[in-house]
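User: I would like to work through this model in short questions, with the cut-offs stated as the terms come up. Please show the sequence and structure before we start.

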Amino acid sequence: IGLGERLRADGQADPFAGIRSRRGDWLVRNDVEDLKRRFGSWVTVHRADLVDLLRAAVPAQALRPGVDVQHVQPGGTVRHGGGTSTADLVVGADGVHSVTRRSLWPRLRGPRYVGYTTWRLIVPPQPVEGSVETWGRGKRFGYVPMPDGRVYCYAMANAPAGSHAGLDELRERFARWHRPIPALLDSACEEAVLQHDTHELPTLPTYVCGNVAVLGDAAHAMTPNLGQGACQALEDAVTLAKAVDTLGVRAGLQAYDRARRPRTQLIVRRSRQAGAAAHWTSKPLTTLRDAALPLVPNMLFDRSLTPAYTWTI
């Protein structure tokens, strides 16, 4: 059984159901069955489980855990905590604050804070009606049922960069929002809450330099509004592997850059646009938003989903 089959067998799920107001009224309601017919099956899986699945497929002798990369040269030499290593191909998949990216393009602008911080947590099993996101004024809350009954929750709120708020403050922020949001937060424990500022990477002119490529957040860190950060990293990896295997390192790297840069940078823009209205703070504007969104034809929302869900290599 292949990795894809194992993943799908354990994580079947329904697509995103839509967006509600803080009172619980539907602002956007997706036709879940139509989404499945058009785009195929959805899978929900804990990221750690996905990493374990992928890591288990790699030979143990190929892994070097605990090694910190300090500098990467275009020719493929990497300086790290254990010395230096040189390879025909180096792939920097080292996140939004990528050492690889800074090494290759030291003059490029770094990640930009988008103005809101994000909390993520998983709470004990309880019934929810599907994957839903709720919008308020300058903040929102989403939840996704997982196959084992637990519920993945996330919250975002306008805040200065570097600010911190714990579970008690989260409960207070969302205490008067529709069910089951207060109950989900009441069932959480402080140790389960992760908070990170939300960043977006300015547009890079290329994803390759010499024998080195960057992928995932190292190349195109985006807001989480379309749920595409990890998905685009997986697409990057598959595209790069096939291109290098077919064309060799140098030609494969150029083919990877041509294929992936336009697509990922489009999704960065779409993701930014998709979440902008959720963070309005003006009461008249948010009132207008909540009145207008239910009147918008579903096909307009499809335009933001279709590019993400119709990729082929």
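User: Which residue in strand 12 is the bridge partner of Tyr143?

Analyst: This is a predicted model, in which local features need pLDDT of at least 70, side-chain atom pairs count only at pLDDT 80 or more, and totals for chains, interfaces and linings use all residues. Residues are numbered from 1 along each chain as its sequence is written, and side-chain values use heavy atoms, with hydrogens and water left out. Strand 11 and strand 12 (residues 151-158) run antiparallel and are joined by 7 bridges; two strands pair if DSSP finds at least two bridges between them, and helices (H or I, at least four residues) and strands (E, at least two) are DSSP runs numbered from the N terminus. In strand 12, Tyr143 has as its bridge partner Cys153.

User: Which residue stands opposite Tyr143 of strand 11 on the strand 10 side?

Analyst: Strand 10 (residues 131-135) pairs with strand 11 in the antiparallel sense, over 4 bridges. In that pairing, the residue opposite Tyr143 is Val132.

User: Which residue takes a positive phi in the hairpin of strand 11 and strand 12?

Analyst: Most residues other than glycine have a negative phi. The hairpin of strand 10 and strand 11 has 3 residues between its strands, and Gly138 in that turn has a positive phi of about 75°. In the hairpin of strand 11 and strand 12, 5 residues lie between the strands, and the positive phi, near 100°, belongs to Gly149.

User: How many of the 7 residues of strand 11 are buried?

Analyst: Buried means under 20% relative accessible area, exposed over 50% and partly exposed in between, with a 1.4 Å probe and protein chains only. Strand 11 (residues 139-145) is largely enclosed by the rest of the structure, because the number of its 7 residues that are buried is 6.

User: Which residue joins its side chain to that of Trp135 in a polar contact?

Analyst: Trp135 lies in strand 10 and is buried, with a relative accessible area of 6%. Its contacts (heavy atoms within 4.5 Å), leaving aside neighbours within four places in sequence, include Ile19, Arg140, Trp177, Ala274 and Leu293. A polar contact is a pair of N or O atoms within 3.5 Å; within protein, one must be able to donate a hydrogen and the other to accept it, and residues adjacent in sequence count only if both atoms are side-chain atoms. At 2.8 Å, the side chain of Trp135 makes such a contact with that of Glu133.

User: How far apart are Trp135 and Asp290 in space, C-alpha to C-alpha?

Analyst: In sequence, Trp135 and Asp290 are 155 residues apart. In space, their C-alpha atoms are separated by 8.9 Å.

User: Which backbone nitrogen does the side chain of Gln195 reach?

Analyst: Gln195 is in strand 13 (residues 194-200) and counts as buried at 17% relative accessibility. Its side chain makes a polar contact with the side chain of Thr117 at 3.0 Å. The backbone nitrogen that the Gln195 side chain reaches, at 3.0 Å, is that of Ala165.

User: Which strands stand at the edges of the open sheet of 3 strands?

Analyst: The sheet has the order 8-15-14, with mixed pairing. Its edge strands each have a single partner strand, so one side of each is left without a neighbour in the sheet; they are strand 8 (90-92) and strand 14 (208-209).

User: Which helices do the buried residues of helix 11 pack against?

Analyst: Helix 11 (residues 298-309) has buried residues Leu305, Pro307 and Ala308. They cover an arc of only 165° around the axis, which puts them on the same side of helix 11; the arc is that of the directions from the helix axis to the C-beta atoms. On the other side, Met299 and Arg303 are exposed. The buried residues pack against helix 2 (32-39), helix 8 (229-247) and helix 9 (249-276).

User: What is the omega of the cis peptide bond between Arg179 and Pro180?

Analyst: Most peptide bonds are trans. Pro180 sits in the loop between helix 5 (167-173) and helix 6 (181-186). The bond that joins Arg179 to Pro180 is cis, with an omega of about 5°.
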